[in-house]
Amino acid sequence: MQVNPKSVKSHFEKAMEKYDENAVVQRFLAEILAEETSLIRKYYGKILEAGCGTGLLTREIKKKLSFESFTANDLSDKSKKYLDKILSNYNFICGNAARINTSQKFDLIISNAMFQWFSNLEDVLNRYRNILNNNGILAFTTFSPENFPELTKITGISLNYKTADELREILEKNYKILKLETFSKALEFRTPLELLYHLKNTGVNSLGDKKWEFADVKAFCDSYTKTFEKVTLTYTPILIIAQKLR
């Protein structure tokens with residue numbers, strides 16, 4: 001499935017008010033990403049968080065890392081409302097994280113559950129390398145091709161996720177990989193409709209941009225019930241921490 005940044009922005013803006021209470025996996029990833037990054041270093045002079053959203057990761061960074069300056073980026077300027085409650089002093093870059101344009105260089109670029117939206121990940125990683133200081137750290141989470149297997153089986157729709165091996169191959173051209181770990185976390189719901197509400201409230205558009213009518217929702221729920229005994233949604237995240245090669 002091709003990713004449309006305007007669609008991604010629209011979905012997340014609609015989900016923002018309910019995001020934090022529904023983003024169980026994203027919160028787990030934010031906690032572990034900040035913790036693992038702190039094990040590399042506690043202090044990073046200049047930090048850039050790409051795709052900050054409602055600040056789930058920002059809160060964890062504030063708890064676990066120290067820094068001189070913090071720059072946050074998001075597609076939506078509505079993110080500032082959430083970050084203002086977390087940080088008293090920060091810079092904000094509104095726009096596509098794939099095309100961040102800044103003269104600054106950073107000691108850490110960090111991002112949670114966002115890299116899967118990039119249509120050309122290799123270009124983004126090269127861009128980020130250019131705005132990292134020597135020995136700078138890139139830390140992020142994304143998802144593998146096994147993400148949401150239940151949805152893929154029912155609808156045939158999936159994002160163009162990279163495997164851990166593909167990510168390793170791309171990164172090793174310009175980075176030394178310090179940590180690469182894969183996870184699997186299944187959430188259980190009472191009904192397929194509850195699962196669909198979970199997707200809506202986390203801004204995930206893995207079911208495509210087509211507007212679903214009542215008949216589409218009913219067909220999905222009926223098909224899900226016939227196909228699976230339990231109503232689950234399986235996330236398969238990948239966590240990566242890498243250091244820029246000179």
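A residue counts as buried here when its relative accessible area is under 20%. Phenylalanine 148, with a relative accessible area of 4%, is therefore buried. Please keep in mind that this is a predicted model. The chain holds nine helices and nine strands, and buried residues make up 51% of its 246 residues.

**Overall build**

- For 246 residues, a compact globule would have a radius of gyration near 18 Å, and the chain agrees with this at 18 Å.
- The C-alpha trace spans about 55 × 40 × 30 Å along its principal axes.
- Of the contacts between residues at least 6 apart in sequence, 76% join residues at least 24 apart.

**Surface and charge**

- The chain has an accessible surface of about 12,100 Å², and carbon and sulfur atoms account for 47% of that surface.
- There are 36 positive and 30 negative charges, and their mean positions lie 4 Å apart.

- Helix 7 covers residues 164-171, and its buried residues are Ala164, Leu167, Ile170 and Leu171.
- Viewed down the helix axis, these buried residues fall within an arc of 125°, so they line one face of helix 7.
- Asp165 and Glu169 are exposed on the other side of helix 7.

**Helix 3 and its surroundings**

- In helix 3, which runs over residues 56-64, the buried residues are Leu56, Leu57, Thr58, Glu60 and Ile61.
- Among the helices that the buried residues of helix 3 pack against are helix 1 (5-22), helix 2 (24-40) and helix 4 (79-83).
- Strands also take part in this packing, including strand 1 (43-49), strand 2 (66-74) and strand 4 (106-111).

- Most residues other than glycine have a negative phi, so exceptions are worth a look.
- Alanine 113 is not a glycine, yet has a positive phi of about 55°.
- Alanine 113 sits in the loop between strand 4 and helix 5, and its relative accessibility of 13% makes it count as buried.
- Phenylalanine 148 also has a positive phi, near 50°, although it is a residue other than glycine.
- The loop between strand 5 and helix 6 (149-155) is where phenylalanine 148 is found.

How values were computed
Residues are numbered from 1 along each chain as its sequence is written. This is a predicted model: local features need pLDDT of at least 70, side-chain atom pairs count only at pLDDT 80 or more; totals for chains, interfaces and linings use all residues. Side-chain values use heavy atoms; hydrogens and water are left out. Helices (H or I, at least four residues) and strands (E, at least two) are DSSP runs, numbered from the N terminus. The radius of gyration is taken over C-alpha atoms; the globule rule is 2.2 Å times the number of residues to the power 0.38. Buried means under 20% relative accessible area, exposed over 50%, partly exposed in between (1.4 Å probe, protein chains only). Contact means heavy atoms within 4.5 Å. Accessible areas come from the Shrake-Rupley method with a 1.4 Å probe; for residues, only the protein chains shown count as cover. Lys and Arg count as positive and Asp and Glu as negative; His and the chain ends are not counted. The place of a charge is taken as NZ of Lys, CZ of Arg, CG of Asp or CD of Glu. The arc is that of the directions from the helix axis to the C-beta atoms.
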